[in-house]
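Here are my notes on helix packing and aromatic pairs. Please read them with the model open.

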Amino acid sequence: MLSRVSDASDESRCIEFVSKIKQSAKESDRNKRCFVANGSTKVLSAAFAAFSNSDESSDVLAEILSAMITLTPVLDEETSRNLSSEHSLQKLVWFMRFGSLSIRRNAVLALRSILSFEIVAEIEGVVEALIRLIKEPIFPTTTKASLLSIYYLLKSHEYSNAIAVTLMEMGMVEKLLDMAVDGDKSVTEKVLGVLDGMCGHEEVRRRARENALMIPLLVKKVLRVSEMATEFSTSILLKIVREEESVVEALRAGAFQKLLLVLQIGSDEGTKEKVTELLKVLNGYRSRIECVESSDFKHLRRPF
């Protein structure tokens with residue numbers, strides 16, 4: 001069946017073969033594992049790349065994409081690289097913008113896998129498409145995959161500064177903060193990861209400081225969500241808490257005591273270094289405001 005997919009020269013035959021693979025995969029996890037073990041996603045991705053050169057192949061491409069994600073929503077590196085041609089990426093972005101709900105979900109899951117291997121290419125309209133999927137959520141998996149895709153773009157793309165500014169101009173600082181207020185652990189970690197990437201750029205840092213929710217929310221997320229959330233929150237605070245106004249705001253939100261607790265509980269070396277540096281910044285301003293320790297921190301054993 002797999003050889004028929006790779007050899008299929010017309011769309012109708014390919015759709016027929018791919019539909020059979022997808023139906024069989026849905027019948028049991030054992031069938032899924034068997035298809036994946038035999039390289040089915042690589043064959044399907046190669047077929048997607050071949051048909052993506054045509055302007056009239058949306059139906060077959062949607063079926064191939066659906067079959068790949070049905071087999072495994074997290075694609076391996078070879079499969080992802082097969083999908084990284086200019087035409088394939090253009091089709092994925094088109095699906096993200098104009099496809100049905102399920103097709104949009106499949107497209108962003110595929111894009112997330114591609115970007116996770118730092119397979120970076122200039123993809124026109126991808127940031128705007130990802131923002132739309134976040135602002136107009138369709139499935140939780142789609143939202144999370146969109147956040148991860150943006151995180152990977154900010155982390156490895158040569159135009160990360162322009163991407164960060166685009167995100168800011170499209171209101172994503174405010175949107176991400178709103179999502180972090182009540183988001184679950186997974187969403188909060190991804191939101192903070194994106195904000196950390198965005199705050200690597202001065203224009204975004206300036207916007208972040210102007211938002212009244214930013215610093216109090218970051219301080220609140222330290223030690224409240226996960227180790228990863230604490231790491232991202234500390235990293236963002238270190239980037240934006242510099243001028244007197246932001247330092248005083250962080251102190252009033254209880255950042256000093258929270259960060260001392262991070263050191264006492266223990267963390268990885270990278271986070272520990274950031275916490276120590278941030279404490280030094282905060283310590284220089286402690287005498288200027290009245291700091292009253294919360295009862296939450298009464299068990300701290302030593303001052304900084």
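1. H7 passes H9 in a left-handed crossing. The model is a predicted one, so please treat the values below as computed from it. The angle between H7 and helix H9 (residues 126-135) is about 35°. Their axes lie 9 Å apart.

2. Which residues make the contact between H7 and H9? From H7 come Val93, Met96 and Arg97. H9 supplies Val126, Ala129, Leu130, Arg132 and Leu133. By class, the contact of H7 with H9 has 6 nonpolar residues, 2 charged and no polar.

3. Trp94, Phe95 and Phe98 form one aromatic cluster. The structure holds 4 aromatic pairs. One of them joins Trp94 and Phe98. Their rings are 5.5 Å apart, centre to centre. The planes are at 50°, and the pair is tilted. An edge-to-face label would need planes over 60 degrees apart.

4. Why are Trp94 and Phe98 separated by about one helical turn? Because they are 4 residues apart in helix H7 (residues 86-98).

5. Tyr151 and Phe232 form an aromatic pair of the edge-to-face kind. The centres are 6.1 Å apart, with 70° between the planes. Tyr151 belongs to helix H10 (residues 140-156), and Phe232 to helix H16 (residues 227-240). The pair therefore ties together parts that are 81 residues apart in sequence.

6. The two partners of this pair fall in separate accessibility classes. Tyr151 has 22% relative accessibility, so it counts as partly exposed. Phe232 has a relative accessible area of 12% and is buried. The cut-off for buried is under 20%.

7. A further helix contact is worth a look. Helix H12 (residues 172-182) packs with helix H15 (residues 214-221) at an angle of about 35°. The axes of H12 and H15 are 11 Å apart. Their crossing is left-handed.

8. What does each helix bring to the contact of H12 with H15? H12 brings Val173, Leu177, Ala180 and Val181. H15 brings Met214, Leu217 and Lys221. The contact of H12 with H15 counts 6 nonpolar residues and 1 charged, with no polar ones.

Terms used:
Residues numbered from 1 in each chain as written. Predicted model: local features only at pLDDT ≥ 70, side-chain atom pairs only at ≥ 80, totals over all residues. Heavy atoms only, no water. Axes fitted to C-alpha atoms, helices over the stretch in contact; angles between N-to-C directions. Helix = DSSP H or I, 4+ residues; strand = E, 2+ residues; numbered from the N terminus. Left-handed = near helix turned anticlockwise from the far one by under 90°. Contact = heavy atoms within 4.5 Å. Nonpolar A, V, L, I, M, F, W, Y, C, P; charged D, E, K, R; others polar. Phe/Tyr/Trp six-rings, centres within 6.5 Å; stacked < 30°, edge-to-face > 60°. Buried < 20%, exposed > 50% of the residue type's maximum accessible area, 1.4 Å probe, protein only.
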